Number of protein chains: 2
Amino acid sequence: MKTRKKLRIALAGSGNVATHLARAIYASEHQLVQILSRNTQEARALANRYGAEAIDNAQTLDPALDILILALSDDALHTDYISNFPEQITICHTSGSVSMEVLKQYPRHGIFYPLQTFSKQKEVDFSEIPICLEANNPEVLQTLEQLAKNLSSRVYFLNSGQRKSLHLAAVFACNFTNLMYRIAEDLIGESDMDFDILRPLITETAAKVQEHLPGEVQTGPAARNDLKIINEHLKALEKHKDYKEIYQLLTEVIVRKRYI
Amino acid sequence: MKTRKKLRIALAGSGNVATHLARAIYASEHQLVQILSRNTQEARALANRYGAEAIDNAQTLDPALDILILALSDDALHTDYISNFPEQITICHTSGSVSMEVLKQYPRHGIFYPLQTFSKQKEVDFSEIPICLEANNPEVLQTLEQLAKNLSSRVYFLNSGQRKSLHLAAVFACNFTNLMYRIAEDLIGESDMDFDILRPLITETAAKVQEHLPGEVQTGPAARNDLKIINEHLKALEKHKDYKEIYQLLTEVIVRKRYI
């Protein structure tokens, strides 16, 4: 049996994704060798924590790296910053929305997209995070897969079109969902209630779709087409023009979906 | 020290709320005596499971009840059905949106509103469910409180206005959130991906606001006012007029909130 090689990895970036990836790689069987960032303070803090070397110059990248992961903002991925790495390196980025094309000058490139909402304050269990892979050749894909499967039990092979659809879907499932929470917070705050009263409901709403599909568990006035309550709610939202508009639009969509 | 009395309770209804309440009361130190429902089959099934008597006629309610809980639909609470109980009974309903006034013919009445999304298929931990109480006199409130605190660690005293605000907020935090999940499901389904890939993100999005307020953890293209991505997403939604409208409206609201 072939012994699996321990991968030597460098991370470019020191933001949320880089931080969570650094921790996960450190805990894996692979080796975090370098952290490259123009933010030398953050890079040093991360490097110290996870036994790596902090560097601020692409010229000092270890020539024996197996993978360089660009955990950079979408904006940075569209600048010349990413043209300065050794050409023979295996390179990938972590963005859900940026094309793999931005790395095409490198003969060995790919995508390593962890689908999660990261914040520096909160640890996450990386083994539960879906990691979406793509690569320009099977050998690169295999290397990325070797790392991904060591970090997570959920590894997906997606093409660029799928990754973009997924990123868009995540805006609804995560960012817009958080806005719904925020509107709820605003509404109860006006009546002197604390957000804490809503927390168990939010937990259960997310828990329900872990076992069911959302279409199967839609509840509420719109799902019943309960016009009496809907009209009361619209009246109560009179002073919040934007929330009223959201209520109206989302209710219409739910009501229409009853007949699909 | 005064020994606390074991309360003798009857439930009217056999739907989701009645089912979950019956299980919780059965597991409490109080006694579920009767289940009253016109759906005799459901009532009998519940009564058998939780050691109660099934009845289909208000005239056969036990005269020594401490509380009659109307776990009925909002519609039923607006019919004559609820005028047929013994006048001296302590009576409450479980609706978030129906006024306490509907029970005013009874000198001892109140509200026992569990804030949760119930489905018959899924058990919930009742001890985590906020129970919102209101009553027309302190003695009734005390009786409801005695029961509520035995079922849950989260008991709130809300007036009718607060309860209605909370119910409206719950539409956003639960029903509209579930619609966001459903739209996400639709979008990835079109690209041949399974909803399972989104489940960890949904869990984490709900987990984040257990420790933080939603306003503190808003992420995504709108929160960064990332027009490039926003425009790509709007273009990708071209064939879903309603989803595009939702995306546009919610993005506008998030962008505006950045300056508040």
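How many residues does the contact take from chain B and from chain A? In this predicted model, the contact takes 75 residues from chain B and 75 residues from chain A. On the side of chain B that touches chain A, at least two residues each come from helix 5 (160–190), helix 6 (199–211), helix 7 (227–236) and helix 8 of chain B. Helix 5 of chain B gives the largest share of that side, with 26 residues. By class, the side of chain B that touches chain A consists of 43 nonpolar, 19 polar and 13 charged residues.

The next point is how the two copies are placed. Two copies of a chain are related by a rotation about an axis and a shift along it.

One part of the contact between the chains can be followed helix by helix. Two packed helices are described by the angle between their axes and the distance between the axes. Helix 8 of chain A and helix 8 of chain B, residues 241–257 in each chain, have axes 11 Å apart and pack at an angle of about 160 degrees. Angles over 145 degrees count as roughly antiparallel, and these two helices are therefore roughly antiparallel to each other. The crossing of helix 8 of chain A and helix 8 of chain B is left-handed. From helix 8 of chain A, the residues that take part are A:Asp242, A:Glu245, A:Ile246, A:Leu249, A:Leu250 and A:Val253. They meet B:Asp242, B:Glu245, B:Ile246, B:Leu249, B:Leu250 and B:Val253 in helix 8 of chain B. This contact of the two helices has 8 nonpolar and 4 charged residues, and no polar ones.

Helix 8 also has a partner within its own chain. In chain B, helix 7 and helix 8 pack with their axes 9 Å apart, at an angle of about 160 degrees. Helix 7 and helix 8 of chain B are therefore roughly antiparallel to each other, and their crossing is left-handed. Helix 7 of chain B brings B:Ile230, B:His233 and B:Leu234 to this contact, where they meet B:Lys244, B:Tyr247, B:Gln248 and B:Thr251 of helix 8 of chain B. These residues divide into 3 nonpolar, 3 polar and 1 charged.

In chain A, the axes of helix 7 (residues 227–236) and helix 8 come within 9 Å and cross at roughly 160 degrees. Helix 7 of chain A passes helix 8 of chain A in a left-handed crossing. Among the residues that make this contact are A:Ile230 of helix 7 and A:Lys244 of helix 8. The contact of helix 7 with helix 8 in chain A has 3 nonpolar, 3 polar and 1 charged residues.

The strands come next. Strands of a sheet pair through backbone hydrogen bonds, either parallel or antiparallel. Chain B has an open sheet of 8 strands in the order 3-2-1-4-5-6-7-8, and the pairing is mixed. Which strands of chain B stand at the edges? They are strand 3 (53–55) and strand 8 (155–157), each with a single partner strand, so one side of each is left without a neighbour in the sheet. On average, neighbouring strands of this sheet are turned by 25 degrees against each other, direction ignored.

Inside this sheet, strand 5 (residues 90–93) and strand 6 (residues 108–114) of chain B pair in the parallel sense over 4 bridges. B:Thr90 has B:Arg108 in strand 6 of chain B as its bridge partner. Helix 5 of chain B lies across strand 6 and strand 7 (131–135) of chain B and runs at about 150 degrees to strand 7. Helix 5 of chain B is also the helix that supplies 26 residues of the side that touches chain A.

Chain A has an open sheet of 8 strands too, in the order 3-2-1-4-5-6-7-8 with mixed pairing. Strand 5 and strand 6 of chain A run parallel and are joined by 4 bridges. In strand 6 of chain A, A:His109 stands opposite A:Ile91. Helix 2 (residues 40–49) of chain A lies across strand 2 (31–36) and strand 3 of chain A, and runs at about 165 degrees to strand 3.

Notes: Residues are numbered from 1 along each chain as its sequence is written. Chains are lettered from A and ligands numbered from 1 in the order in which they are written. This is a predicted model: local features need pLDDT of at least 70, side-chain atom pairs count only at pLDDT 80 or more; totals for chains, interfaces and linings use all residues. Axes are lines fitted to C-alpha atoms, for helices over the stretch in contact, and angles run from 0 to 180 degrees between N-to-C directions. Angles under 35 degrees count as roughly parallel, over 145 as roughly antiparallel, 65 to 115 as roughly perpendicular and the rest as oblique. A crossing is left-handed if the near helix is turned anticlockwise from the far one by less than a right angle, and right-handed if clockwise. Two residues are in contact if their C-beta atoms, placed from the backbone, lie within 7 Å. Ala, Val, Leu, Ile, Met, Phe, Trp, Tyr, Cys and Pro count as nonpolar, Asp, Glu, Lys and Arg as charged, and the others, Gly among them, as polar. Two strands pair if DSSP finds at least two bridges between them.
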